[in-house]
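Visitor: Could you take me on a close look at the aromatic rings in this protein? I would like to see how they pair up and where they sit.

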Amino acid sequence: MKGIRDGVKDIHDGLKAYEGRVAATAGVGKDLVNEPMIRHWCEAMGDTDPAYAGPEAIAPPTMLQAWTMGGLSGHTGRSEAYDELLALLDGAGYTSVVATDCEQEYLRPLRPGDAITFDAVIESVSERKTTKLGTGYFVTTRMDVRADGELAGTHRFRILKYAPAAPGPKASGERAAKRPRPVVNRDNAGFWEGVAAHRLLVQRCGDCATLRFPWLPGCSTCGSREWDAVEASGSGTVFSYVVMHHPPFPAFDPPYAVGLIELAEGVRIVSNVVGVPYDKVRIGMPVRLEFLRVDDELELPVFRVQDGGEG
Ligand code: ZN
């Protein structure tokens with residue numbers, strides 16, 4: 001049974017042969033870099049940086065991939081190697097796919113009028129890995145993007161092609177799935193420290209005093225990285241909500257309401273609305289913060305509907 005895991009064979013050697021092969025060749029951007037696309041992007045992102053407007057405008061660097069996209073009609077000229085690689089994986093039982101991450105480098109700014117060309121290569125195929133999703137291979141492609149023939153940036157894109165993990169045997173019928181754990185990192189650790197102390201903390205810009213939530217490294221109003229944290233009063237209203245019916249996630253019991261709560265301080269937070277059935281949540285309901293102990297390790301801020309909020 002060596003080499004077999006989750007019922008699928010290790011085909012790493014066959015996959016390795018695709019490293020360095022062309023994934024897309026001599027691609028041509030459908031449009032020159034242009035002001036309307038830049039403007040739409042900035043509006044969609046809420047990015048008002050003056051560098052992206054006016055006669056000296058450059059394109060936002062993170063638009064790099066946008067200039068190479070094929071749109072609904074697609075691109076011609078994709079090489080067969082990438083399709084072959086995916087077919088090989090499918091044939092061996094690694095039939096599922098998830099995009100895992102992308103990584104970009106910017107070598108020179110793109111400006112309106114630049115003509116975009118690109119090539120992509122299958123840069124690497126990982127050893128076989130077992131993840132929570134299942135067993136499979138990470139496939140990384142690297143696209144080199146050129147502007148008027150000059151290398152302007154690279155775009156690495158990674159997928160995991162995998163055989164879905166079989167649902168494990170239920171350990172003596174119990175161990176209900178736990179709610180997902182928050183991802184705590186250096187940018188949001190202060191928020192979770194606040195939750196542990198039953199305080200809902202909101203960031204305040206050290207320069208322009210704009211409040212922000214969720215936690216971010218910088219101020220989206222003035223760009224400053226200086227900040228402190230202020231404690232929210234805990235009162236708010238339901239700004240919007242959805243009722244989740246499908247898909248069912250482990251540890252959640254649909255249908256349930258997910259609320260977007262507008263705090264009295266003006267910032268909004270996604271949370272559970274408690275104290276009323278899912279179908280009685282309404283926009284504008286007054287709510288008040290409380291902390292819900294979910295399990296031994298996890299507490300979460302939730303919002304309880306206040307008297308007068310129902311009906
Ligand atoms: Zn600011």
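Guide: Let's begin with a word we will need: a residue is called buried when its relative accessible area is under 20%. Please keep in mind that this is a predicted model. A search of the whole structure turns up 5 aromatic pairs. One of them joins Phe 191 and Phe 213, whose ring centres are 5.3 Å apart, with 65° between the planes. That angle makes the pair edge-to-face, because planes over 60 degrees apart count that way. Phe 191 belongs to helix 4 (residues 189-196), while Phe 213 is in the loop between strand 10 (211-212) and strand 11 (227-231), so this pair ties together parts that lie 22 residues apart in sequence. Now apply our definition: Phe 191 and Phe 213 are both buried.

Next, look at Trp 215 and Trp 227, another edge-to-face pair, at 5.2 Å centre to centre and with 70° between the planes. Trp 215 is in the loop between strand 10 and strand 11, and Trp 227 is in strand 11, so the pair links distant parts of the chain, 12 residues apart. Trp 227, at 37%, counts as partly exposed.

Let's return to the phenylalanines for a moment. Ring pairs join Phe 191 and Phe 213 with Trp 192 in a cluster. Finally, here is a contact between a charge and a ring: the charged end of Arg 268 sits over the ring of Phe 239, at 3.5 Å from the ring's centre.

How values were computed. Residues are numbered from 1 along each chain as its sequence is written. This is a predicted model: local features need pLDDT of at least 70, side-chain atom pairs count only at pLDDT 80 or more; totals for chains, interfaces and linings use all residues. Side-chain values use heavy atoms; hydrogens and water are left out. Rings of Phe, Tyr and Trp (its six-membered ring) pair if their centres lie within 6.5 Å; planes under 30 degrees apart count as stacked, over 60 as edge-to-face and the rest as tilted. Helices (H or I, at least four residues) and strands (E, at least two) are DSSP runs, numbered from the N terminus. Buried means under 20% relative accessible area, exposed over 50%, partly exposed in between (1.4 Å probe, protein chains only). A charge sits over a ring if NZ of Lys or CZ of Arg is within 6 Å of the ring centre and within 35 degrees of the ring normal.
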